[in-house]
Amino acid sequence: MSNTISSNITDDMNHNDVAEDSVDIRQLRSPIKVDLSAVYDFLGARTTQSWVDAAIENLPLIIQDHANCEKKAAGTAMNLIFRYEFSYDLQCKLAQLIREEMLHYEQVLSLMNDRGQEWQYLSAGRYAKGMLKHKRTYEPAAMVDVLIIGAFIEARSCERFAALSDVIDDERLAKYYRYLLKSESRHFEDYLALAQSLSEDNIDERVAFFKEVEAELISSPDNELRFHSGTPA
């Protein structure tokens with residue numbers, strides 16, 4: 001890893017930019033306005049209005065799937081931290097991500113409990129699998145692809161939190177989604193920096209490839225409504 005990337009990651013970890021550690025989202029400070037222009041530029045397509053409308057009509061399902069996403073993100077980072085132990089910087093950043101994702105998972109669970117929403121099984125959608133099927137099978141290319149895919153998942157999450165927070169009638173939930181934007185908006189850049197640090201070649205071509213794949217998954221008709229699903233069929 002270059003000294004610049006290492007320094008940026010270390011500085012990011014040392015500043016008080018991580019999510020507050022209160023599980024009770026009522027105790028969280030008021031969210032600050034976050035510039036999402038980098039997120040929008042990174043993604044190849046914006047969320048459709050039909051998805052937003054469907055999500056508003058099915059908020060319990062979206063909240064449940066959000067909880068699943070936070071848990072899966074933590075689990076993915078945990079798997080990576082065991083598999084790729086050779087990189088100090090990677091280990092440190094993954095450890096930070098695990099803490100943040102599990103805190104968000106706890107917060108969503110608390111929110112569900114306060115809303116009287118019981119946990120229900122919800123199958124995974126096509127989104128992550130649709131990108132992972134393009135992952136290369138040899139190292140370090142496989143790891144680079146996993147991190148690039150992680151960048152798109154984080155960026156899309158951020159974009160959808162922003163889209164929902166603008167229209168949800170539940171002000172508490174809208175405030176929580178706006179609160180998440182600060183941490184989520186930087187995660188995709190963290191993943192990209194880590195991916196580039198593991199590759200001797202410039203990763204721009206792979207990023208452009210997955211940008212098209214991700215945009216197609218988001219824009220094309222989808223029979224299942226999930227937090228990262230495509231346009232409702």
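User: Which pattern does the protein chain follow when read along the sequence?

Analyst: Welcome! In this predicted model, the protein chain runs α-α-α-α-α-α-α-α-α-β-β. That gives 9 helices and 2 strands.

User: What makes a residue count as buried, and how many of them do?

Analyst: A residue is called buried when its relative accessible area is under 20%. Of the 233 residues in the protein chain, 52% count as buried.

User: Why is the pair Tyr-176 and Tyr-179 called stacked?

Analyst: Two numbers matter here: a pair of aromatic rings is described by the distance of the centres and the angle of the planes. Rings pair if their centres lie within 6.5 Å, and planes under 30 degrees apart count as stacked. The centres of Tyr-176 and Tyr-179 are 5.9 Å apart and their planes meet at 25°, so the pair is stacked.

User: Where do these two tyrosines sit, and are they buried or exposed?

Analyst: Both belong to helix α8, and because Tyr-176 and Tyr-179 are 3 residues apart there, about one helical turn separates them. Tyr-176 is buried, as is Tyr-179.

User: How many aromatic pairs are there, and which residues do ring pairs link into a cluster?

Analyst: The count is 9 aromatic pairs. Ring pairs join Trp-51, Phe-161, Tyr-176, Tyr-177, Tyr-179 and Phe-227 into a cluster.

User: What is the span of helix α5, and what span is expected?

Analyst: Helix α5 covers residues 88-114, which is 27 residues. From first C-alpha to last, α5 reaches 39 Å, close to the 39 Å expected at 1.5 Å a residue. Just after α5 comes Gly-116, with a positive phi of about 70°.

User: What is the volume of the largest pocket, and which residues are closest to its centre?

Analyst: The largest pocket has a volume of about 820 Å³. Its lining has 38 residues, and Lys-72, Ala-73, Thr-76, Ala-128 and Ile-153 are the closest to the centre. Elements giving two or more residues to this lining are α4, α6, α7 and α8. Of the elements, α4 gives the most, with 10 residues. By class, the lining holds 16 nonpolar, 9 polar and 13 charged residues.

Note on methods: Residues numbered from 1 in each chain as written. Predicted model: local features only at pLDDT ≥ 70, side-chain atom pairs only at ≥ 80, totals over all residues. Heavy atoms only, no water. 1 Å grid on protein atoms, 1.4 Å probe; cavity = no way out; pocket = protein on both sides within 12 Å on 5 of 7 lines; lining within 4 Å. Points joined across faces, edges and corners; volume = space filled by probe spheres on them. Helix = DSSP H or I, 4+ residues; strand = E, 2+ residues; numbered from the N terminus. Nonpolar A, V, L, I, M, F, W, Y, C, P; charged D, E, K, R; others polar. Expected span 1.5 Å × (residues − 1). Phe/Tyr/Trp six-rings, centres within 6.5 Å; stacked < 30°, edge-to-face > 60°. Buried < 20%, exposed > 50% of the residue type's maximum accessible area, 1.4 Å probe, protein only.
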